[in-house]
Amino acid sequence: MYGLRSRYAAFPAIPVGATILPYGNGRSYGDSCLNPGGALLLTRSLDRFIGFDRDAGLITCEAGILLADILQLTVPAGWFLAVVPGTAAVTVGGAIANDVHGKNHHRAGTFGRHVRQFELLRSDGQRLTCSPEAHADFFGATIGGLGLTGLITCAQLQLQRTPGAGMDLEIIRFANLDEFFRLSELSDQNFEYTVAWIDCLSRGRNLGRGLFQRANHSANPMGHAKVRMGHLAMPFMAPFSLVNAATLRLFNFLYYHRPGIRRRRREHFQSVLFPLDSVANWNRLYGPRGFYQYQCVIPEQTGPEATAQLLEKIARSGQGSFLAVLKQFGNLSSPGMLSFPRCGVTLALDFPNTGARIERLFTQLDEILAAAGGRLYPAKDARMPAELFRRTYPRWREFARYVDPACSSGFWRRMTQGEVVLDGAAPPTVRA
Amino acid sequence: MNRILVIGATSAIAEATERLLAARGDALYLVARNEQTLAAIAADLTVRGAPRIATESLDANDLSAHEAMLERAESFLGAIDIALIAYGTLPDQKRCESSVELTVRELHTNAISVVALLTRLANRMEQRRAGTIAVISSVAGDRGRGSNYVYGSAKALATAFLSGLRQRLRPCGVAVVTIKPGFVDTPMTAAFRKGVLWAKPARIGRGIVRALERKRSTVYLPWFWRPIMFVVRALPESVFMRLPL
């Protein structure tokens, strides 16, 4: 493991033939943030702000800063991050490298769309200031580039106005998938943030039932309560997965029928946007074998049909967990060569790791996904077949030309195994 | 608002402390060797809310430069309410054992230069009859250990000097705070394997700010080092000398 004393520090010298991978706060679910057999370059020490233009809503900071730290500073000043993922415990560099999305994708697109510029430090010592105008090719490769194009040292982000820390939230129960799509269509016009929780065990005419959440930043004031991280905690590793068929059935039933639905209420943005951040080490619930997440996006035309097929398969398998999320992406294009989001519907489910049993289910889901023209999210993946990746991310070969010769990851090796990656193409030229 | 001078302002513990001070609106005069890092920290602290901030590049081992630095700090701040001395180096004990020169240099950095600064600061604050002096010493100064006694003895000197200074300055209302962190995960200790006793600089920073507010005499950070060091100090030398510490 290598560290950095400051953003001015040189790219670490690693042994010839070795590889290294920038590592932020380690919130990716699979091996895209790991480099087995190689080195990691820890970036959390790069946590200084560089500037904050309170009139224009521009924040410039080092890449190891957490989104939570930014919000703590900017929300009292009337600014919110344009896009946040489901946890605020990720670094700015990680948010760029995974081109993360949020519950407002239909309005704001991905995180990368709001990145004005960043500095990319390559292993040969070059520092490239990348933006849509300058080194645009490296800009496009690095957004969603999974840390493979070099180290992002600092970045400038465009924020959006917010009246305060409060959000007006509505929760609506829906009985099946058709109702979800109708609600989503309707809500996306008037609500900035929309997402649905799904009871992944429901079947038949209840297939895809769940709770639809829609929210806007509230114009009514609410105290700028601190962004609280982990005030609840899972204090120890469960000896085996506490998420199993019995607990899941009980939880899903109670959660679906919970009272207090449909009343509009004011909540702190933390509980609306980052519900899991309030429980530190929630992953320990799954026991030492951990869990997988299966997050896919399916294009608009095939979306409803394929989602139904996926949910049917999952419900019949009896596997799954209470984390099952459905959301419609909008048609704003993603700026990265390997960005995951595209127009359509995204489904994300956690599964306790049950070994061969879960892999069999995944293989079946992959088939439905491939037939529907969908794809999986690298940031959440630990098992996707390389062939599926290469087919569904057609720009991967173009992207490979921008991969820093010193950088690699478990995910990247898995996806490119046995392939001639560079295909004889000349490496990209860097113009000053 | 407090007016605060930090010497060794780029150390990880100092920076963590400065972030808290900046956020509550204190004026800061930051002194350290590396100008580039100082500028980066000053920019960061400005974003975090510091209303007034200035920096100065200084090698604390250059004792002849101290007086002019203190002069400039005082003229920028108006007066120094709190002076925090936060710099230090962690000597390579093994190399020190075969180099008198290195040993003396480390003692100079971690003890002599601190004493020089304290002497000047104490006289200024004694005259004003107000102020707080805080120094980051270490639990290592509580007892010399075979694996780290050059550093430990330098910190022991600082700790003893501070306790004397505290007695001397108490009647004129000047507080002296001795801060004794345990193992802290910083660039200074990057080479160590980290266990349960290790703390992050942010936690130490919170402890320092609290100690400054309450003008505590001696604080162990985190708190659990107090009972640990009580035991370590209480062990008879005949036992202690046999321990592989």
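Biologist: What is the area buried between chain A and chain B, and which share do carbon and sulfur atoms give?
Modeller: The area buried between chain A and chain B is about 990 Å², where buried area is the accessible area (1.4 Å probe) that two parts lose on being put together, summed over both; carbon and sulfur atoms give 54% of it. On the side of chain A, the residues A:Y8, A:R48 and A:F49 supply 57% of the area that this chain buries against chain B, more than any other three residues. The model is predicted, so local features need pLDDT of at least 70 and side-chain atom pairs count only at pLDDT 80 or more, while totals for chains, interfaces and linings use all residues, and side-chain values use heavy atoms, without hydrogens and water. Residues are numbered from 1 along each chain as its sequence is written, with chains lettered from A and ligands numbered from 1 in the order in which they are written.

Biologist: What makes A:R48 and B:E15 a salt bridge?
Modeller: The closest N and O atoms of A:R48 and B:E15 are 2.7 Å apart, and the pair is called a salt bridge because the rule asks for a side-chain nitrogen of Lys or Arg within 4 Å of a carboxyl oxygen of Asp or Glu. Across this interface the rule finds two salt bridges.

Biologist: Which strand gives the largest share of the side of chain A that touches chain B?
Modeller: Strand β3 (residues 49–53) of chain A does, with four residues, a strand being a DSSP run of E with at least two residues, numbered from the N terminus.

Biologist: Why is A:R214 called buried?
Modeller: The relative accessible area of A:R214 is 11%, and the residue is therefore classed as buried, since that class takes values under 20%, whereas exposed means over 50% and partly exposed lies in between (1.4 Å probe, protein chains only). A:R214 is found in strand β11 (residues 210–217) of chain A. By the same cut-off, 57% of the 432 residues of chain A count as buried.

Biologist: How do you know that chain A is as compact as a globular protein of that length?
Modeller: Chain A has twelve helices and 18 strands. Its radius of gyration is 21 Å, close to the 22 Å that the globule rule gives for 432 residues, so chain A is as compact as a globular protein of that length; the radius is taken over C-alpha atoms, and the rule is 2.2 Å times the number of residues to the power 0.38. Along its principal axes the C-alpha trace spans about 60 × 50 × 45 Å.
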